[in-house]
Amino acid sequence: MDFAALPKLELHLHHEGAAPPDFIRRLGQEKSVNLEGVFDEAGNYAFRDFVHFLQVYEAATAVLKTPEDYARLTTAILEESAANGVIYTESFISPDFCGGGDVGAWREYLAAIREAADAAERAHGIVLRGIVTCVRHFGPEQAKRAALCAAETAGDWIVGYGMGGDEGKGRPRDFAWSYDLAREAGLRLTVHAGEWGGPRSVVEALDDLRVERIGHGVRAIEDPALVKRLARDGIVLEVCPGSNVSLGLYPDVARHPIRMLQEAGVRITVSTDDPPFFHTTMAQEYDALHRAFGWEAEAFAQIARTALDAAFCNEDTKVQIAKKLETA
Ligand code: HPA
Ligand code: ZN
């Protein structure tokens, strides 16, 4: 099967995490930023474990200093995604990296990203929407600034609010103020949980942040009552199998719980998380799922329909994407 040709929606993609190593290296040279420790000898991103991954991520992100840099990054991301058959992407964009939480600076970054996204849509047909993301290990006060940026720019393009970062730091309820603000601004909500935090982190995310999607969430499989709850309430998981395998959560895709979750009635979608870091692409994710579980075009079409239903964009955009899925 030509996996690149299947039309895909991706709901879980970190904007900086999608930067190709060459892109970061070139920008680092232009700006004379020291990138020691970011790459291995082969030129790939190098990290030992999840916490080290987050450190390397932030070191690489330090080369992205201006709205123009984010515009160039957006162009690079969307060209790669479109080449993988992605027709709709929601990416996590953090005011912490785009202006340091200042609303005025954030608006400038956002304008540059949107201009690049509009150009990519005209060139490749791919549609991008943004989810403003706070960084858990930066703490609740910084998250409030991110939520204020999100609330100020909420609309047809900034459609959601989320949180990434180190799941080992703090508790979901520490961030309830930010989530409440984002919800009141009309934003749809997701949060990273159930990757490193175990099933209880998913329960806390649902109870304390009242999200409708969970980033990862796969360790819910360790708690049958939670699996039933996810299925009953239609909570959508943004599953990133290649990311989980790359970071050592599961030994391989065949032993990843995505199929068990799906068979238990949980609504699952497939994403790459930080594709060049985890040596993956959307086409490779589909290929790996095909090889591990024998999933064919119909299974992937179902995943695309679930993702369309769970997407945070407005109805007009959904109709436009639905048409593309039907004619593909
Ligand atoms: N997980 C959690 N936080 C992140 C990630 C990720 O993959 N990428 C950037 N921040
Ligand atoms: Zn993620």
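Colleague: Which residues in α5 meet α6?
Modeller: This is a predicted model. In α5, Pro-140, Ala-143, Lys-144, Ala-147, Leu-148 and Ala-151 make the contact. Their partners in α6 are Trp-177, Ser-178 and Leu-181.

Colleague: And by class, what is in that contact?
Modeller: Seven nonpolar residues, one polar and one charged.

Colleague: Where do the two helices run, and at what angle do they pack?
Modeller: α5 spans residues 140–153 and α6 spans residues 176–184. They pack at about 5°. Their axes are 8 Å apart.

Colleague: Switching to cavities. How many are there of 30 Å³ or more?
Modeller: The count comes to one.

Colleague: How much space lies in the largest cavity?
Modeller: About 240 Å³.

Colleague: Which residues are closest to its centre?
Modeller: His-14, Leu-54, Tyr-57, Gly-164 and Gly-165. The lining of the largest cavity has 26 residues.

Colleague: Which elements give two or more residues to that lining?
Modeller: Helix α2 (50–61), plus strands β2 (86–93) and β3 (127–135).

Colleague: Which one gives the largest share?
Modeller: α2 does, with five residues.

Colleague: Last one. How does the lining divide into nonpolar, polar and charged?
Modeller: The lining of the largest cavity has 11 nonpolar residues, 10 polar and five charged.

Key
Residues numbered from 1 in each chain as written. Chains lettered and ligands numbered in written order. Predicted model: local features only at pLDDT ≥ 70, side-chain atom pairs only at ≥ 80, totals over all residues. Heavy atoms only, no water. Axes fitted to C-alpha atoms, helices over the stretch in contact; angles between N-to-C directions. Helix = DSSP H or I, 4+ residues; strand = E, 2+ residues; numbered from the N terminus. Contact = heavy atoms within 4.5 Å. Nonpolar A, V, L, I, M, F, W, Y, C, P; charged D, E, K, R; others polar. 1 Å grid on protein atoms, 1.4 Å probe; cavity = no way out; pocket = protein on both sides within 12 Å on 5 of 7 lines; lining within 4 Å. Points joined across faces, edges and corners; volume = space filled by probe spheres on them.
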